[in-house]
Structures are given as C-alpha cells and as structure tokens.
Amino acid sequence: MYHVKEAFYTLQGEGAQAGRASVFCRFSGCNLWSGREEDRASAKCTFCDTDFIGTDGINGGKFSTASALAEHIAALWPSDSNNAVPYVVFTGGEPLLQLNAALIASLHSYGFEVAVETNGTLVPPPGIDWLCVSPKGNNPLAVTQGDELKLVFPQREAPPEQFSALGFKHFYLQPMDLAPLHQNANTVAQATAYCMAHPQWRLSLQMHKLAGFD
C-alpha cells in the first residue's frame, strides 16, 4: 500500500533540474519528524516547512499496487507533450520509506524518468534515474553518491565542507526559507557568499516560490 499526500503537474523549482516539467508525487510520512508541531522540538529535522501528513492533498490517496499508482501518475502528464520525456519527482516527507523497485519499474513502463529527493538516511532501491540527497542536520547518510547534493543552508550541524568530498555530480546550496522575509534575504546573502568563495557549490533558489507556482 502506497500513501500519497499529493500529486500534481508543475515545474521543478530547485536544483539542477529547475524549470523542467515534472509530476510531483509527495509521499506521506518521514523518518526524521512526525509532521506534527508538538513534536518539532524533539525531531531529528527541525526546519521542515512541508505538510506530509495523511492523504488528503490534491490527487492524494492510498494505492494498493505499484501499477495503480503508476497509472495515477501517468494520467497527470500532458498527453500532447511531443518528444518531452515524462519526468516524475518523488518527495515527502521521506519518499524512500515507500518508493520501491516495483513502482520504479511500473513508471519506466510508461516511459518516465524517475527522480527522488531524499534526506539520504535510507538506502534507495535500484532503478532511480536522478537521485538528489538533501542532508538534514547531523543525521548519518546512507547515501554518499548520486546525481545531486542539495544542502539547505545554513545548518549549524551540517556545514557544506562536511559533504564536499562525497561522490555527487552537482553540489547546491539552497538558502533556508525563514520568516519574516528580511531573514530570507540574509540566508540568500550567506549562501551566495559561500558559493563565491567555494565554487564547487552552486546557488539554488526556490524558483516555484519566486515565480508563484506550486
């Protein structure tokens, strides 16, 4: 059984694939936080701003088989996309609590490239086409290589230099989204300065928030 909080067609807003048409599938649940505010202080990740509880979001639900969920996702991709390769991004919460080889194979049968955005604490199943790891605090990584490492910055317990020797093709710093807005400007400035001083890293801004799409 797969528990999906929401699924929708949009553009990828972050990292190396920013601007690419994508179906986002957000799984319910996470291994670093319950998603409930009363548990935030004791969570292993304390800055998450995403609702991943339940299955009540847009196109959310419970799916008993991999083929049923793959069909649901495929229906969200536009039918007149010409030669564009269908692309699905699994996120959460923590998608590797649910994503498995059967679902990946089912989506490949529809022609999809399968991407995952994970906190990196769980071993991924085989067959993923784009693996993005976003470390959270001092939680140990089970994944030390992949396509993209995207670090929310700054994190006191996760300085960028801790990850710079890992086996990823792309390294991104993403300014932490804070409130009020003037604090966001400060994190953007800090991330910009770090990337300029350490050109291995690139700046990732959340395009979907700047451009106003989901």
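## A charge over a ring

In this predicted model, Arg-20 lies over the face of Tyr-87, at 3.9 Å from the ring centre; a charge sits over a ring if NZ of Lys or CZ of Arg is within 6 Å of the ring centre and within 35 degrees of the ring normal. Residues are numbered from 1 along each chain as its sequence is written, and side-chain values use heavy atoms, with hydrogens and water left out. Because the model is predicted, local features need pLDDT of at least 70 and side-chain atom pairs count only at pLDDT 80 or more, whereas totals for chains, interfaces and linings use all residues.

## Aromatic pairs

Rings of Phe, Tyr and Trp (its six-membered ring) pair if their centres lie within 6.5 Å, and planes under 30 degrees apart count as stacked, over 60 as edge-to-face and the rest as tilted. The count comes to 9 aromatic pairs. Among them, Phe-27 and Phe-90 are stacked, because their ring centres are 5.4 Å apart and their planes meet at 10°. This pair links distant parts of the chain, with Phe-27 in strand β2 (residues 21–27) and Phe-90 in strand β4 (residues 87–91), 63 residues apart; strands (E, at least two residues) are DSSP runs, numbered from the N terminus.

Phe-27 is buried at a relative accessible area of 0%, and Phe-90 likewise counts as buried at 0%, where buried means under 20% relative accessible area (1.4 Å probe, protein chains only). Ring pairs also link Tyr-2, Phe-27 and Phe-90 into a cluster.

## A pair within a loop

Trp-33 and Phe-52 form an edge-to-face pair, 5.7 Å centre to centre with 80° between the planes. Both residues lie in the loop between β2 and β3 (61–63), 19 residues apart. Trp-33 is buried, with a relative accessible area of 6%, and Phe-52 is buried with 2%.

Terms used: Helix = DSSP H or I, 4+ residues; strand = E, 2+ residues; numbered from the N terminus. Buried < 20%, exposed > 50% of the residue type's maximum accessible area, 1.4 Å probe, protein only.
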